[in-house]
Amino acid sequence: MDADIVIAGAGPAGLSLAAALAGTSLSVLILERAPQRALKNPAYDGREIALTASSVAALGRLGVLQRIAEADMAPLRSARVFNGSSSHTLEFRNVRDSKSPLGLMVSNAALKRALYEAVSQHGNITLRDETIVTGARAAADTIEIQTQDASLKSCLLVAADTRFSALRASQGIGAFMYEFGKTMLVCRIHHEKPHDGVATEWFGHNQTVAMLPLQDNLSSFVITLPESQIAALMELSETQFAEEVQQRTQQRWGALSLASARFRYPLVAVFAHRFVAPRFALTGDAAVGMHPVTAHGFNLGLSGAGRLAAQILASQRAGCDIADPRGLRRYECGHRRATAPLFFATNALASLYTDERGPARVARTLGLRALNAATPVKHAIETWLSATENKHSEPTRRAA
Ligand SMILES: Cc1cc2nc3c(=O)[nH]c(=O)nc-3n(C[C@H](O)[C@H](O)[C@H](O)COP(=O)(O)OP(=O)(O)OC[C@H]3O[C@@H](n4cnc5c(N)ncnc54)[C@H](O)[C@@H]3O)c2cc1C
């Protein structure tokens, strides 16, 4: 055996799984196609991750949060949703503890750096960079893993190799894939007026726009449009772009200036038909690749990594094979239950809120009003967003 567990992909999900298995008696080998320097010092990619209170607590227990500089974190006090020019807004707060924020904003680059640092400290974890996993074949006692120049053996292979996972397909696992026909542009914007830690998201006028609060007078600007319009925004000079954003945000933040490069992400949501196969499991976006509008891709990846680590360790404690199919099946059932409702609700929401046809406009106006009036529903969402404990999904770090 080259390792008890091989993880393909050192993105946030693969590293979260490794962190959840750190300090155990299991040897973990991470194979990543990118070079080590890109993992040690990830480039800024425009993604600002809204961590839920539950994820913040989990990252604290994994020793990851402590590695993120104060200056790279910003509290998300509440979230406000507007529908076009309607005066009706929907507001979400931390209902469990009104003094605590709803979550924390941290850049994907800072998160990846902290995860990498945290797993690098542990003797049971090895990372091999510039290594592309090209395929795998499960046998009775092992799984054989092919890379571009070698063949390795392990008890279990976990694929965390993006939502377009080649390993998922190599194991005969299909996926539900939804292309929204839209692209998301993200960048940082300096603005004159304060954001007060409130995330603002609004829909209508053929666009979906969000301003996510970062440091003082700095926000992440997020806009979703058809690709051709995003391409035009990418072409604008910095000054023209700032003017365009000012107009699209109705001057709510006063004078604006661009504070980072602009990045674009074509929107595709993915839900794997199965999350496991013999000696094989999917995690992160490879299992569930969310539309970013509800800001849950990494949050679900982190809870899934915790759930998978807990099952592996439970199988080991019970004296079973760590790839025991019953344990993998329990992971699959739990993760499917935890993610499917949010995945399909997010897709429905994203489609409804980017559809400018009359019936869709009426439906979302009524929907927002109904949600505001339906206090138990809104309360349920707020409770879920504010939850700090979820015994089924917390990453565990128990010495085996
Ligand atoms: C604009 C935007 C905003 C977002 N905002 C939020 C948010 O607010 N909150 C939130 O929770 N989530 C958010 N997300 C989602 C979040 O970024 C993703 O869910 C998360 O990055 C997925 O991590 P991952 O490790 O599964 O995949 P990835 O980040 O795609 O990493 C996969 C890794 O696998 C490696 N790899 C791929 N193939 C191979 C191979 N064959 N061999 C070896 N290595 C391989 C890649 O090099 C990469 O390092 C957002 C996403 C976007 C696009």
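Colleague: What should I know about numbering and confidence limits?

Modeller: Residues are numbered from 1 along each chain as its sequence is written. Because the model is predicted, local features need pLDDT of at least 70 and side-chain atom pairs count only at pLDDT 80 or more, while totals for chains, interfaces and linings use all residues.

Colleague: What is the mean pLDDT of the protein chain, and where does pLDDT stay under 50?

Modeller: pLDDT is the predictor's confidence in each residue, from 0 to 100. Its mean over the protein chain is 89, with 85% of residues at 70 or more. Over residues 388-400 pLDDT stays under 50, and the model has 42 contacts beyond four places in sequence for them. Two residues are in contact if their C-beta atoms, placed from the backbone, lie within 7 Å.

Colleague: How many helices and strands are in the protein chain?

Modeller: There are 11 helices and 20 strands.

Colleague: Why does Ser54 count as buried?

Modeller: A residue is buried if 20 or more other C-beta atoms, placed from the backbone, lie within 10 Å of its own, exposed if 12 or fewer, and partly exposed in between. Ser54 has 21 such neighbours, so it counts as buried. Ser54 is in helix 3, whose buried residues are Ala53, Ser54, Ser55, Ala58 and Leu59. Ser303 is 249 residues from Ser54 in sequence, yet their C-alpha atoms are 8.9 Å apart.

Colleague: What makes Leu39 count as buried?

Modeller: Leu39 has 22 C-beta neighbours inside 10 Å, and therefore counts as buried. Its place is in helix 2. Beyond four places in sequence, Leu39 is in contact with Ala10, Glu32, Ala34, Tyr116 and Asp129.

Colleague: Why is Thr162 partly exposed, and why is Gln250 exposed?

Modeller: Thr162 has 18 C-beta neighbours inside 10 Å, so it counts as partly exposed. Gln250 has 12 other C-beta atoms within 10 Å, so it is exposed. Thr162 is in the loop between strand 11 and helix 5, and its phi is near 75 degrees, a positive value in a residue other than glycine. Gln250, in the loop between helix 7 and strand 16, is also a residue other than glycine with positive phi, near 55 degrees.

Colleague: How do helix 1 and helix 8 cross?

Modeller: Their axes come within 9 Å and cross at roughly 35 degrees. Axes are lines fitted to C-alpha atoms, for helices over the stretch in contact, with angles from 0 to 180 degrees between N-to-C directions. The crossing is right-handed: the near helix is turned clockwise from the far one by less than a right angle. Among the residues that meet are Pro12 and Leu17 in helix 1 and Phe298 and Leu302 in helix 8. The residues of this contact divide into 10 nonpolar, 3 polar and no charged.

Colleague: Which residues come nearest to the ligand?

Modeller: Of the 33 residues around the ligand, Gly9, Gly11, Gly284, Ala295 and Gly297 come nearest. A residue is near a molecule if its C-beta atom, placed from the backbone, lies within 6 Å of it. Helix 8 gives the largest share of the shell, 4 residues.

Colleague: How do the residues of that shell divide?

Modeller: They are 18 nonpolar, 10 polar and 5 charged. Ala, Val, Leu, Ile, Met, Phe, Trp, Tyr, Cys and Pro count as nonpolar, Asp, Glu, Lys and Arg as charged, and the others, Gly among them, as polar.

Methods:
Helix = DSSP H or I, 4+ residues; strand = E, 2+ residues; numbered from the N terminus.
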